[in-house]
Amino acid sequence: MNYNLHFVDRCNTNNRLSDQRFPLIASKVIIQLSEKHYDAIVVGAGPAGSSVARKAAEQGVNVLIIDRKREIGYPMQCGELVPTVEEFPNILPRAKRAEKLFNLPKWVISNTCSRVAVIGPSKKIHEFNFGQNILDRSRFDKWLVMNATKAGAELWTCCNAIKVESDGREVLAKKEGKIIRLKANVLVAADGPSSNMAKNLGLGSNDPKDLIVTMEYFMGGVDIDADLTEVYFGKEYAPGGYAWIIPKGEGMANVGLGIRTSFSERGVSLKDYIERFISKHPIASKKFQKGVILSRTGGLVPVGGPIEKTYSENAIVVGDAAGQVMATNGGGIPPAVICGDIGGEAIAQKLRGENDLSFYEKEWKSEVGKELDTGVKIRKIVDIALRNDKLAERILEIFEGKIVREVILCRLSMPLNLVYKTVMGLRQSLKVLKR
Ligand SMILES: Cc1cc2nc3c(=O)[nH]c(=O)nc-3n(C[C@H](O)[C@H](O)[C@H](O)COP(=O)(O)OP(=O)(O)OC[C@H]3O[C@@H](n4cnc5c(N)ncnc54)[C@H](O)[C@@H]3O)c2cc1C
């Protein structure tokens with residue numbers, strides 16, 4: 001008996017998913033009335049989950065991908081910046097699959113930039129070259145999930161995973177007010193920075209003290225260089241993090257900041273900080289005089305590094321859920337897509353009996369593990385500077401140009417302990433001067 005009713009989910013009929021561009025997504029939405037068994041269930045249709053689903057489906061795995069969102073990729077919570085294909089060897093040099101995965105179609109890119117400016121607390125500008133694609137993130141996420149459904153994966157939107165049972169072989173989910181039990185051989189936890197699935201699996205979670213809280217405005221009418229991304233440091237505007245202006249073209253920009261609450265002033269909210277940045281920062285505020293806020297967003301960015309174990313016998317954890325983020329720049333899209341692709345391959349290998357899921361962890365560590373680890377170590381050193389604007393400025397002066405670029409890109413050509421010793425030495429000398 002077939003209990004599956006195939007029709008367009010009512011929650012999508014009047015929104016942008018009905019757009020002609022996404023017929024595959026709409027036609028794949030199904031209401032599940034009874035138990036059905038899948039090879040793999042992916043929780044979360046962000047960059048990580050969609051990449052797992054696509055790769056696994058391409059290799060013949062029967063995949064269901066579920067997301068609690070009504071529309072994939074919306075609301076958008078992102079600065080939307082990814083390196084150009086040409087820059088991947090500089091940022092994730094061992095990620096052999098990056099070139100193929102980030103060969104993006106034009107319709108998911110809003111703008112391209114070639115330079116980054118880092119503005120320190122004393123407002124001195126340090127500029128370097130770095131090729132960036134500024135995405136239309138909402139389209140990018142739709143493109144990724146569409147590639148998964150094209151490869152044969154099934155997608156359910158408006159479906160909230162509640163609980164994992166039987167070590168990943170069963171998921172309880174809520175869809176249209178009904179609780180459904182879904183069964184699979186493998187579960188993928190790709191449910192973002194506050195992952196409940198990873199916790200349920202007993203695989204740990206991102207430490208709350210290592211979560212950057214962010215707020216971002218999408219602004220129009222701003223007076224900026226469309227080829228330049230700007231990054232601002234300083235305790236007054238972005239304590240424990242940084243502020244950014246990412247140009248989307250045509251005088252539009254993502255203007256945001258991320259802070260850590262342990263660094264911030266008592267009684268000053270995230271909104272206060274972003275308003276202060278836009279209206280009072282001596283350099284940035286001039287760019288917003290005719291600016292208008294078109295939308296607001298925000299979210300969490302895990303910068304504490306990957307969780308200790310990212311697989312069990314029947315499950316893997318991918319993307320933000322696994323803490324796979326570059327800690328000094330908050331970039332999580334490249335690792336999510338790369339680790340997702342590896343995850344899909346690992347699932348196919350497990351189901352063919354060629355490997356267990358430890359292959360997933362071994363492989364993502366070999367492609368991006370070193371850079372993610374280095375990023376966390378650099379971030380811990382940067383944290384020392386973020387507590388003291390004078391120290392931050394001295395460091396920016398000493399580590400001019402090349403090193404500033406390397407810090408932002410999570411890679412250092414000089415030994416980490418030398419950087420650490422220099423920072424501690426500078427801190428000590430500033431203390432002596434103060435006395
Ligand atoms: C303000 C901000 C700016 C950022 N800017 C950048 C940037 O410029 N460049 C960059 O590389 N990275 C950036 N990041 C980080 C980047 O957005 C993430 O690293 C990336 O989205 C990780 O992808 P993911 O698939 O792991 O998680 P997500 O994109 O968070 O996807 C998780 C999905 O899981 C779904 N989900 C969650 N729980 C459930 C559940 N119980 N049941 C069903 N579905 C569920 C969610 O709806 C979501 O669709 C930024 C983050 C923030 C917050």
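The model is predicted. Its protein chain contains 13 helices and 17 strands. With a radius of gyration of 22 Å, close to the 22 Å that the globule rule gives for 435 residues, the chain is as compact as a globular protein of that length.

**Overall build**
- Along the principal axes, the C-alpha atoms of the protein chain fill a box of roughly 80 × 45 × 40 Å.
- Of the 435 residues in the protein chain, 57% are buried.
- Among contacts in the protein chain with a separation of 6 or more, 72% are between residues 24 or more positions apart.

**Surface and charge**
- The protein chain has an accessible surface of about 18,700 Å², and carbon and sulfur atoms account for 50% of that surface.

**A look at helix α5**
- Find residues 137–150 to see helix α5, which has 14 residues.
- From its first C-alpha to its last, α5 reaches 20 Å, close to the 20 Å expected at 1.5 Å a residue.
- Buried here means under 20% relative accessible area; 12 of the 14 residues of α5 are buried, so this helix is largely enclosed by the rest of the structure.
- The buried residues of α5 include F140, W143, L144 and V145, and also R137, D141 and K142.
- After α5 comes G152, which has a positive phi, near 120°.

Methods. Residues numbered from 1 in each chain as written. Predicted model: local features only at pLDDT ≥ 70, side-chain atom pairs only at ≥ 80, totals over all residues. Heavy atoms only, no water. Helix = DSSP H or I, 4+ residues; strand = E, 2+ residues; numbered from the N terminus. Rg over C-alpha atoms; globule rule 2.2 N^0.38 Å. Buried < 20%, exposed > 50% of the residue type's maximum accessible area, 1.4 Å probe, protein only. Contact = heavy atoms within 4.5 Å. Areas by Shrake-Rupley, 256 points an atom, 1.4 Å probe, with all protein chains shown as cover. Expected span 1.5 Å × (residues − 1).
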